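Hi there,

Here is the structure I promised to pass on to you. Please open it beside this email and follow along as you read.

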Amino acid sequence: MTLFSRSTLRPRWRPSLLLALACVLAPAAAQPPTFEDTMAQRMLACTACHGNQGRAAPDGYYPRLAGKPAGYLYNQLLHFRDGRRTYRLMTQMVDPLSDAYLLEIAEHFAAMDVPYPAPAKADATPQELQRGEQLALHGDSARRLPACVACHGAALTGVQPATPGLLGLPRDYLNAQLGAWRTGQRKAHAPDCMADIAQRLDIRDIAAVSAWLSTQRLPANTHAVPPGATPLPLQCGSAMPPKGGRP
């Protein structure tokens, strides 16, 4: 049986074929989107992976962008462009962009104030969660591991100008980034404090702290706090004002 009758050569349209044609032709018949030439419209390329308004993708690997310190976001764009972080899609997207435009992108997402999702339930034992809480809130002096709160803020929501919050991130993303630092696949401005810390963590510590962080509810104020008067426990290039280099 063909689409055409042998006697009349007239088409015999099946319902499934009509539906397929409707799907193909509908976009052509629809009104083209209005071209606004705004940062929000340009950044639709980012939200395709990072979720609407940069809220994070549901797969657990593309992190939230909305509301993170502009300095942190700017540094990460520089790292992807300049080879300190390796993800081909990101590198290709930012490679032709100037420092000034990367800062505009960072400031665009940093200004977004959208709700966080409820934390996921972690598949972890009580002992693992206890170890994760210990590392996050108190560190481990025997292994020269500072607490996460010593750099990322007492509420773990980040510190201006360039230290991100750790709450509201998926466990898979936290695991992946700590693992990348531990193996040298992710780098930051020197001195690279996170690489130093991650290399002191063993695999069980990474699993424990990422499990505990991913289960914590955010406080009412989810914004990064101003820098404190207490010195950081380690020299950290990423906590300093962002450094660019391309006009």
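A surface patch, as the word is used here, is made of residues with over 30% relative accessible area and no salt bridge, with nonpolar side chains joined within 5 Å. Please keep in mind that this is a predicted model.

With that in hand, look at Tyr87, Leu89 and Met93: they form a nonpolar patch on the surface, and together they have about 240 Å² of accessible area. Met93 is found in helix 5. Why does Met93 count as partly exposed? Because its relative accessibility is 34%, and partly exposed lies between the 20% limit for buried and the 50% limit for exposed.

Now for the inside. The largest nonpolar core has 41 residues, and among those with the most contacts inside it are Leu102, Phe109 and Leu213. Several helices give two or more residues to this core, including helix 4, helix 6 and helix 11. Helix 4 provides the largest share, six residues. As for Leu213, its contacts include Ala136, Leu156 and Leu174, leaving aside residues up to four places away in sequence.

Helix 4 deserves a visit of its own. Its 13 residues reach 18 Å from the first C-alpha to the last, close to the 18 Å expected. Is helix 4 mostly covered or mostly open? Mostly covered, as eleven of its 13 residues are buried; Tyr72, Leu77 and Phe80 are among them. What do these buried residues pack against? Their partners are helix 5, helix 6, strand 2 and helix 9. Just after helix 4, you will find Gly83 with a positive phi of about 95 degrees.

Happy exploring!

Notes: Residues numbered from 1 in each chain as written. Predicted model: local features only at pLDDT ≥ 70, side-chain atom pairs only at ≥ 80, totals over all residues. Heavy atoms only, no water. Core = buried A, V, L, I, M, F, W, Y, C linked by side-chain atoms within 4.5 Å. Buried < 20%, exposed > 50% of the residue type's maximum accessible area, 1.4 Å probe, protein only. Helix = DSSP H or I, 4+ residues; strand = E, 2+ residues; numbered from the N terminus. Contact = heavy atoms within 4.5 Å. Expected span 1.5 Å × (residues − 1). Patch = residues over 30% accessible without salt bridge, like charges linked within 9 Å, V, L, I, M, F, W, Y side chains within 5 Å. Areas by Shrake-Rupley, 256 points an atom, 1.4 Å probe, with all protein chains shown as cover. Salt bridge = Lys/Arg side-chain N within 4 Å of Asp/Glu carboxyl O.
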